[in-house]
Structure formats: structure tokens, C-alpha cells
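Colleague: I'm new to this structure. Could you show me how to read a few of its features?

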Amino acid sequence: MFQRLPDPSGSPVSFTLDGRPLEGRQGDTVSSALLAAGVETCRSSAVSGEPRAPYCLMGVCFECLVTIDGVGNQQGCLVALRPGMQVETQIGRGKRELAR
Amino acid sequence: MKTLSHVNDLAEHYDLVVIGAGPAGMAAATLAADKGAQVLLVDENPTFGGQIYRAVSSTPLKDRALLGADYWKGEAIGAAFSQSQADYFPGATVWQLSPELELGISSGGRTAVLHARRVIMATGALERPMPIKGWTLPGVMTAGAAQILLKTSGVAVSGKVVLAGCGPLLWLIAAQYLAAGKRFDAILDTTPRGNWRTAMKDLPGFLTSPYLAKGLKLMAKVRRQAKIISGVTALAAEGEGHLARVRYTAGGREVVIEADHLLLHQGVTPNINMASASNCELEWDDAQLAWKPKLDDWGNTTVPGIAISGDGAGIAGAEAAAERGRITALDALAGLGIISIAQRDEQAKPIRSELNRYDRGRVFLDRLYQPAQQFRVAGEDTIACRCEEVTGGQIRKAVTTLNIAGPNQLKSFLRCGMGPCQGRLCGLTVSETIAEARGSTPEAVGYYRLRAPVKPVTLAELASLKQSETEIRTVARG
Ligand code: FES
């Protein structure tokens, strides 16, 4: 579970995940918005297809890969959340599907 | 500063390019720009501050006491940088820095190549990998990640939370979470008991360290509010599809506790990937158990024109990082002919005496918080390389049956270090696991040899490069 501390500053930011409307806040990265919305698993691993979730949130591990506005394999933890973003998880996309 | 948002806004030449907007990078860029150099600061993150001062100008946390006074020291460094004349390019990735000081920079799916007369890498530190069984399960993340969530988004890891590992940062993060009104189901301290003995001889130095009083206060505060289990010698994350339990051994007794989240941390190490890809020589630091670049007194690497400052040059902390940034900037300014050597030396004096103060007692901390061997090498069924899902057992088997000498040779057999993270995360684990299997040292075994692009870059991005007429004619037909 992830919880926003009460009374945060910053206005709400609407985006979609796999077509479903979600809300993050200004200042969020794509990954932090997903975690705060309760979405942990964002992709399947390349070799065994195991579920993976953001691990370092600082650009090192590449566990946070998601598709953003149609571009695959973006590091969600490095991308600032913007209104209207279309984010897609990369779950069960098959082995070693690197980009599209 | 002038904030750039598109690669087209970049100049083709800069006197100085600084990579990384943490304390070292911001301090270096500010000083150099204030003296009249044409400076670009490139950073991967959407806001400046690096990890230590992450989101210092934009955090949604209104209660300043929550992150502690040290965090807010970043405000002044950020403000000075904001007022400087430097170009600042956030959300941009440097995927190449050649020994000729040519930089490839990508942002928003476009890329550009530019030239610098001097480069300062201020790429900071990474959390040391802590390969335990089950650490790839969702629900397990680094303690640093939990701290970043707090700083950038005011989001806290909640539910049943276990914090495990060792090092000064572990206590800081614990204190910040407690201040935010959160709790831990357990804090599992993996500091090896024997470390106290080896660290003791460096204690006198530490007694004069500015960190002593702060550190003791922090630990006392955490101890009052959380259940701490020390002498933890084994640790595993368990669950199907998500973490459900943490299994640990302390004092010879195995215990299983329920957990929604496990936060791992065992210190930080220099981020040396770009340095290595740019051909800068590295050396093994036996006290910090990590690779660091070979540097002279001014932070210059073995590649002319490239300097490294901040924790990327060897771990010394945020306040030292800013001072080290200024030292490298002064030498860059002298190299650019903007100040004289005599001016450089003169202006460096007060900075160096500040640096000496921060250095006091560092060795003590390094020795006290040296993580145990069993948490640095990957166990039999433990994944070492998360990208390519290679286990410690596979590495040991390859090393012993195929007589593999080091990480680079291992790549061809197991692909470890060849996934998207390019060995950033597993590099140390793999070097240490090979060393253990060969009965050798990481120093002898070596580190991944890295190549540009240091970050994945798409063909579409490369295709967006500006081409000259001659370049087009060389490859185009007709
Ligand atoms: S979570 Fe590690 S790179 Fe994004």
C-alpha cells in the first residue's frame, strides 16, 4: 500500500492507465503516480515473465518500464506526469519484446 | 539559469558541460557560470536536487521538519543555481560522452550531439545492490526509493512495512518515515557485529566529525519508536506475485513475519557507469567496497578534460559534494583560461579546509557499515542480474566450469549485465560473486567494460540527429 500524506500541495493530474482513468498529482513521476494509485506491477520480466514493479525510482534498475503515449519501454520513474498522458503497463507482452 | 526543454535549444559548443544536478553539479555549474564560462547542466530528472535534495524546490510536503534540516540545505544551493547564467536541461539523458568530449544528449525522443571544452561528471551515488532471495518481487524496493516517493510526491509506503539493511542513510530514512507518522513492523539491522571491532581504531577521528552528534540523535530517535532487530545474518522475501512474508535469521534463530513491503538498503556506492564508458580508469576502494574513478587533487580523471565530483568520485556525503563540485569547477575555469592557476589555488584553500572537516571520521563510518559478504554476493538461487535473471548459482557454475576470469567474459555466456540497466545494478554483485568463486578479489576480477550508448537510445532518436550535407552524401546513393 502507498498513501499520500494528508494535505499535499500541488493540483490533481488526470491520466489513463491501460485506458482506465486515474489521478495523480503535480510533481509526480509516472511511477510515483502509479504506486500512489495502488498499481505496483507495471511489467513482466523479459526472460521468465515474472511480475516486476519499480525498484529504485532513480533511473538505475529499469524495472519501472511502461509505455507512455504509445512509446514503449520508458522509465516511468524519470518521466514527469502530465495531464492526459496515456500510460500502458507492459504485462504479459511476451518475452523480449523490446519496443514497438 | 535558462531552462531548456528541447534539444534544439542546445548550443553546439559549451565551455563546460556538467552532468547531474545534485549538490556537486549545481555548485560546479553555478561557480563556473558566475565566473563567465558558458555552462550547460544536463540532468535526467524532471527537477534539480539530485537524489539527496530531490524535489527541494517542488516537494508537496509542507511540514519542513519532516525531512530534516539537512535536506533544506539544498534550497540555498538550488537558489544560487537558479540565479546563475547556466543553461539547465532537465529530463535529458546523456547517452554518450566520448574521450574527445563529444556528448550525445536525448530528450523527448530527439537527440543532439555537442562539444564541450571541459566536462564535470556529477552523477552521484547508487544504492548498493542487496541481492537476497525474492528481491525481484513487487513489494520489495530500495529504502532510497521509499524516500524519493516521500520527497517528490508526499507518498509513503504503508501497511506492514519492514526496513532491512545497514548504513547511515537507513537511519535517516527511518527517522523521516517516523516523523511522517508512519511505522515499521520491524527494522532488521544487518550490520555485522564484528564491524565494531575493526571500526574502533578509527573512532578517535569520528569523535570530531560533524556527523557524530547528528547520527547519534537520529539513531536514538528511531530506537525509541521502532522495533529494531540487530545481528540479522540472513534475509529472504517470499510470496506469490507479491511480497507476503519476510524470512530472517538473527542470533541463529529463523523468524518469518508477514509484510506488504520490504525496503532494502546497504549503503551507497559511486555511480561510475558513465566514467567507465568514457574510458576513465577506475580503482577498487577496499574500505568502501566499491569502484571509484582514479582522480587527481582537482577531481580530474585519467581522460584529459573530464573531471568527476560529488559522490560519484567516492562517497563523502552531500555537503562535501557541493565543495568538491566547486573544486572541480575552479580547475575547469583555470583550464579554460578564465582564471589563473594562482587564483585557482587561492580560491580553493578555504574550500579544502571545509572538505577536511567533512572527511574526519569517514573511515569509521565506512568500516562500521561495511555490509556482510553474504549480502554482497548472490546466493545459489538468488538473482544477481535482475534484467537477465541470472542467479548467483549460475555465475559460480560458469566461473568454475568455464574458468571465467571476470565480468566481461561472463557476459558472453550468461548475458548478465547486458539488459537495459547495462550492469548499473548488478555490477558490484557480479564482480564480488566472481571474486568469491575464484578465491580472488574484485580488484583482480575487474568491472564491466561499458560502451556508449550508456543509456538505451532508439534508432528514431539517432535518426533525429542533424546531418551535414557531406555526411548525407557519403551514405546516400546517386
Ligand atoms: S524504478 Fe529503477 S529505473 Fe525506474
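Modeller: Let's start with a term: a residue is buried under 20% relative accessible area, exposed over 50% and partly exposed in between, using a 1.4 Å probe and protein chains only. Thr30(B), at 8% relative accessibility, is therefore buried. This is a predicted model, where local features need pLDDT of at least 70, side-chain atom pairs need 80 or more, and totals for chains, interfaces and linings use all residues. Residues are numbered from 1 along each chain as its sequence is written, chains are lettered from A and ligands numbered from 1 in the order written, and side-chain values use heavy atoms, without hydrogens or water.

Colleague: Which residues is Thr30(B) in contact with, leaving aside its neighbours within four places in sequence?

Modeller: Contact means heavy atoms within 4.5 Å. Thr30(B) touches Ala80(B), Phe81(B) and Ser84(B) in that way.

Colleague: And where is the place of Thr30(B)?

Modeller: Helices are DSSP runs of H or I with at least four residues, strands are E runs of at least two, and both are numbered from the N terminus. Thr30(B) sits in helix 1 of chain B, residues 23–34. Of the 12 residues in this helix, 11 are buried. Its buried residues pack against several elements of chain B, including helix 2 (69–82) and helix 9 (318–335).
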